[in-house]
Amino acid sequence: MTPNRDERRLSTLSLAIPKTGTLCPLYRICSPIRVVLPGLPNPGEGPDFTHAKILIGDTLWAGAVELHLIASYWYHHRHHLDKSYDSVIFHVVWDNDAEVCYPCG
């Protein structure tokens, strides 16, 4: 799915912000976060960025990153049913209106 203009702006903004900080998702305990590698933009189908590395607390995560203006777009775009999104380790959203998880939890 081709990202819309607003998601492209979010992508541009996300590349300009500092790569360290504290991650405080709505339903999680706050943890230090550091973007080790932001990943490569994906021009085709699937997650927006691939091959990213993100350190959350003491755990290094490697995989894909998906961007949405609104968290619930994950479900509207049916990513939870698309195996090409199984590699997503980080979901960047502007408006966290819903908890997003895989069907297996």
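Tutor: Histidine 79 lies in the loop between helix H2 and strand S6; helices (H or I, at least four residues) and strands (E, at least two) are DSSP runs, numbered from the N terminus. The model is a predicted one, in which local features need pLDDT of at least 70 and side-chain atom pairs count only at pLDDT 80 or more, while totals for chains, interfaces and linings use all residues. Residues are numbered from 1 along each chain as its sequence is written, and side-chain values use heavy atoms, with hydrogens and water left out.

Histidine 79 counts as buried because its relative accessible area is 2%. The cut-offs are under 20% for buried and over 50% for exposed, with partly exposed in between, using a 1.4 Å probe and protein chains only. Setting aside neighbours within four places in sequence, histidine 79 is in contact with Glu66, His68, Trp74 and Tyr85, where contact means heavy atoms within 4.5 Å. Arginine 78 is in the loop between H2 and S6 too, and its phi is near 65°, a positive value in a residue other than glycine.

Two of those contacts of histidine 79, Trp74 and Tyr85, belong to an aromatic pair. Rings of Phe, Tyr and Trp (its six-membered ring) pair if their centres lie within 6.5 Å; planes under 30 degrees apart count as stacked, over 60 as edge-to-face and the rest as tilted. By this rule the model has 1 aromatic pair. Tryptophan 74 and tyrosine 85 sit edge-to-face, with 5.9 Å from centre to centre and 80° between the planes. The pair links distant parts of the chain, 11 residues apart: tryptophan 74 is in H2 (residues 73-76), and tyrosine 85 is in the loop between H2 and S6 (88-95). Tryptophan 74 is buried because its relative accessibility is 3%, and tyrosine 85 is buried because its relative accessibility is 3%.

Strands S5 and S6 run parallel and are joined by 6 bridges; two strands count as paired if DSSP finds at least two bridges between them.

On to S4 (residues 49-56). S4 and S5 (residues 59-70) are antiparallel, with 6 bridges between them. Within this pairing, phenylalanine 49 has valine 65 in S5 as its bridge partner, and isoleucine 56 stands opposite threonine 59. The S4-S5 hairpin has 2 residues between the strands, and glycine 57 there takes a positive phi near 65°. Histidine 51, in S4, has a phi near 60°, a positive value in a residue other than glycine. That residue counts as exposed because its relative accessibility is 60%.

S4 pairs with two further strands. Strand S3 (residues 40-41) meets S4 in the antiparallel sense over 2 bridges, and leucine 40 stands opposite threonine 50. Strand S2 (residues 31-37) runs antiparallel to S4, joined by 4 bridges; valine 35 has isoleucine 54 as its bridge partner there. Valine 35, in S2, is partly exposed at a relative accessible area of 23%. From valine 35 to tryptophan 61 the C-alpha to C-alpha distance is 9.7 Å, across 26 residues of sequence.

Accessible areas come from the Shrake-Rupley method with a 1.4 Å probe; for residues, only the protein chains shown count as cover. Leucine 60 lies in S5 and counts as exposed because its relative accessibility is 51%.

As for the chain overall, 2 helices and 6 strands follow the pattern α-β-β-β-β-β-α-β along the sequence. Of its 105 residues, 28% count as buried. Among contacts with a separation of 6 or more, 44% involve residues 24 or more positions apart. The chain exposes about 6900 Å², 60% of it supplied by carbon and sulfur atoms.
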